[in-house]
Amino acid sequence: MMEKTTDTSSNFLNRRDFIVAAVSTVAILGTVGLTGKAQAASPFTLPQLPYATNGLNPIISDKTISFHYGKHHKTYVDNLNKLATGTEFADLPLEKIISATAGQTDKAAIFNNAAQIWNHTFYWQSLTPKGGGEPPAAMKQKIIVSFGSVDACIKELAGAATTQFGSGWAWLVMAGDKLKVVKTANAEVPFTSGMKPLLTIDVWEHAYYLDYQNRRADYVNAVLDKLINWEFALKNIG
Ligand code: FE
């Protein structure tokens, strides 16, 4: 039996399946879409990390990854399987579940777990062991059009990531034909507001506390300097 996958393998990332979401979300997820398969007993699976658990050392330790990926991310998958199995959501792609449940108080648990699976899968792809540095030329050009310079873009991302109050995410997104930095709280995703995600940084404490304790800015600056995956952002522009 085929399982629906939340995998973000290269095959998955190359998909151009524009998702027509259940409610207002438009087709903005071309390169990160998830495609539903036949329904299974536990239809949602933990995607593979795109690198080894020690691949982001020393910026993010393998200890952090082992908890963040192996416990937190996995728990969202386990929870969604418990919540969605046997419901109308069991055979839907994550984006459709997220869009269909966003803002609905009685569906908050399904939304939170589905969105956190999606967000973490996207976050792992937003980092790469030899990241940071100069974006590829096509990406750099788009950044300059919207922010004036790469440094200005990075400064804005760092600002959003460090000032997000409490748990959440900082994002580089496409909003119309411009790049923009936004932040979201808890499990919220930009695509339910019509923005196309390009990159994200997880600023929940579990993302950095083992390595940086309360020094969120140090984590954010190190990620932007050494791990951020500009190639991934460029692919997501499509
Ligand atoms: Fe997280």
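A: The side chains of Thr184 and Trp171 are joined by a polar contact of 2.9 Å. A polar contact is a pair of N or O atoms within 3.5 Å; within protein, one must be able to donate a hydrogen and the other to accept it, and residues adjacent in sequence count only if both atoms are side-chain atoms. This is a predicted model, in which local features need pLDDT of at least 70 and side-chain atom pairs count only at pLDDT 80 or more, while totals for chains, interfaces and linings use all residues. Residues are numbered from 1 along each chain as its sequence is written, and side-chain values use heavy atoms, with hydrogens and water left out.

Q: Where is Thr184 placed, and does it count as buried or exposed?

A: Buried means under 20% relative accessible area, exposed over 50%, and partly exposed in between (1.4 Å probe, protein chains only). Thr184 belongs to strand β2 (residues 178-185); strands (E, at least two residues) and helices (H or I, at least four) are DSSP runs, numbered from the N terminus. Its relative accessibility is 10%, so Thr184 counts as buried. A polar atom of the Thr184 side chain also lies 2.8 Å from the backbone oxygen of Glu188.

Q: Which residues are the protein donors of the iron ion?

A: Donors are N, O and S atoms within 2.8 Å of the metal (3.2 Å for Na, K and Ca); water is not among the atoms, so sites may look incomplete. Here the protein donors are His68 (NE2), His120 (NE2), Asp202 (OD) and His206 (NE2), at 1.9 to 2.1 Å from the iron ion. His68 lies in helix α2 (residues 62-84) and Asp202 in strand β3 (residues 196-202), so this pair ties together parts that are 134 residues apart in sequence. Because its relative accessibility is 1%, His68 counts as buried; Asp202, at 0%, is buried as well.

Q: Why is the arrangement around the iron ion tetrahedral?

A: Ideal angles at a metal are 109.5 degrees for four tetrahedral donors. Four donors count as tetrahedral if all angles lie between 85 and 135 degrees. The 4 donor atoms around the iron ion subtend angles of 88 to 128 degrees, and the arrangement is therefore tetrahedral.

Q: Which residues of helix α9 are buried?

A: In helix α9 (residues 230-237), the buried residues are Trp230, Phe232, Ala233, Asn236 and Ile237. They cover an arc of only 155 degrees around the axis, which puts them on the same side of α9; the arc is that of the directions from the helix axis to the C-beta atoms. Just after α9, Gly238 has a positive phi of about 80 degrees.

Key
Tetrahedral: all angles 85-135°; square planar, octahedral: opposite > 155°, others 65-115°.
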